[in-house]
Amino acid sequence: MWDYTDKVLELFYDPKNQGAIEETGEAGVKVATGEIGSIACGDALRLHLKVEVASDKILDARFQTFGCTSAIASSSALTEMVKGLTLDEALKVSNKDIADYLGGLPEAKMHCSVMGQEALEAAIYNYRGIPLAAHDDDDEGVLICSCFGITDTKIRKAVAQNNLLSAEQVTNYVKAGGGCGSCLTKIDDIIREVKQETAKPNLNTNGVKATTEIASSMFNGGQQKPLTNVQKIALIQKVLDEEVRPVLIADGGDVELYDIEGNKVQVILKGACGSCSSSTATLKVAIEARLRDRISKEIIVEAV
């Protein structure tokens, strides 16, 4: 049984704005429609927007969804969120915004919020007469997951926008890798490439608290202070506990700090991580890259 928030259940049992919007010939108003997904893949969403032509403002929004509890709740939430926005403002709504509106979604259901964001983009681009591929470039991407027809472009976008760290997370967000599994290694490679391209210091998916505390421990008046062994161990353990372990635990895995020798950090991968085919990516992307960002560029992580 999925652990749904009260808001998710509320919008599932009593969805807002369900149905279609038909063109009525009303002066100054047009209807935009966007479709994403397919019944064959398990989820499908058709989004309708009633737009005031002069202002580009969304006057009404409705949805038709074939899917699970999260798909219906995400679609309903999206229609509530975009009412009153201009089309340009609506384009800034992300899948994370949809999930946040719902008070969170189980990670395995995050693809439902992604579907909502994509349907919104499709509706707006269709309204403007612009091919979605011109913005998304999916048609020009390399096919990675043949089971669900997912390209590298879509995977890269999901990884970058949601700070995804494992192939399992990518599956949860865009379904790639959720079929035969033959593309999981390619997905790991894409994650590694995206992280290398976008890696910046002091980024923290759990907020700024841990980064601020680590930075204040390392710097004094703008001058970097060398860390003692005790400080380094404490900081490494802090990053593992606050930033790495929650992500791994959500995927059924875990990590334990085993030993530290200079800049070499030895860890024990547990649970699903210990037997996962993408354990190397977990070490390098989820753990080593994070510790390098937070503490030292010289850190090397090894499994024991």
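Q: A cavity is a set of points, on a 1 Å grid over the protein atoms alone, where a 1.4 Å probe fits but cannot get out. How many cavities of 30 Å³ or more does the structure hold?
A: This is a predicted model: local features need pLDDT of at least 70, side-chain atom pairs need pLDDT 80 or more, and totals for chains, interfaces and linings use all residues. Residues are numbered from 1 along each chain, and side-chain values use heavy atoms, without hydrogens or water. The count of cavities of 30 Å³ or more is one.

Q: How much space lies in the largest cavity?
A: Volume is the space filled by probe spheres set on the grid points, joined across faces, edges and corners. For the largest cavity, that comes to about 80 Å³.

Q: Which helix gives the largest share of the lining of the largest cavity?
A: Lining residues have an atom within 4 Å of a point. Here they are N95, V114, Q117, E118, K154, K157, A158, Q161, N162 and V174. Two elements give two or more residues each: helix 5 (110–127) and helix 7. The largest share, five residues, comes from helix 7.

Q: How many residues of that lining are charged?
A: Asp, Glu, Lys and Arg count as charged; Ala, Val, Leu, Ile, Met, Phe, Trp, Tyr, Cys and Pro as nonpolar; the others, Gly among them, as polar. The lining has three nonpolar and four polar residues, and its charged residues number three.

Q: At what angle do helix 7 and helix 8 pack?
A: Helix 7 spans residues 152–162 and helix 8 spans residues 167–174. K154, I155, A158, V159 and N162 of helix 7 meet V170, Y173 and V174 of helix 8 (heavy atoms within 4.5 Å). By class, this contact has six nonpolar, one polar and one charged residues. The axes lie 10 Å apart, and the angle is about 105°.

Q: Which word describes how helix 5 and helix 8 lie to each other?
A: M110, H111 and V114 in helix 5 meet N172, Y173 and V174 in helix 8. This contact has four nonpolar, two polar and no charged residues. The axes are 5 Å apart, at an angle of about 50°. Under 35 degrees is roughly parallel, over 145 roughly antiparallel, 65 to 115 roughly perpendicular and the rest oblique, so this pair is oblique.

Q: How far apart are the axes of helix 1 and helix 2?
A: Helix 1 covers residues 6–13 and helix 2 covers residues 69–82. V8, L11 and F12 of helix 1 touch T69, I72, A73, S76 and A77 of helix 2. The two helices pack at about 85°, with axes apart by 8 Å.

Q: Which residue meets E193 in a salt bridge?
A: A salt bridge puts a side-chain nitrogen of Lys or Arg within 4 Å of a carboxyl oxygen of Asp or Glu, and the count comes to 22. E193 lies in helix 9 (residues 184–198) and its partner in helix 7, so the pair ties together parts 37 residues apart in sequence. At 2.5 Å, N to O, the partner of E193 is R156.

Notes: Axes fitted to C-alpha atoms, helices over the stretch in contact; angles between N-to-C directions. Helix = DSSP H or I, 4+ residues; strand = E, 2+ residues; numbered from the N terminus. 1 Å grid on protein atoms, 1.4 Å probe; cavity = no way out; pocket = protein on both sides within 12 Å on 5 of 7 lines; lining within 4 Å.
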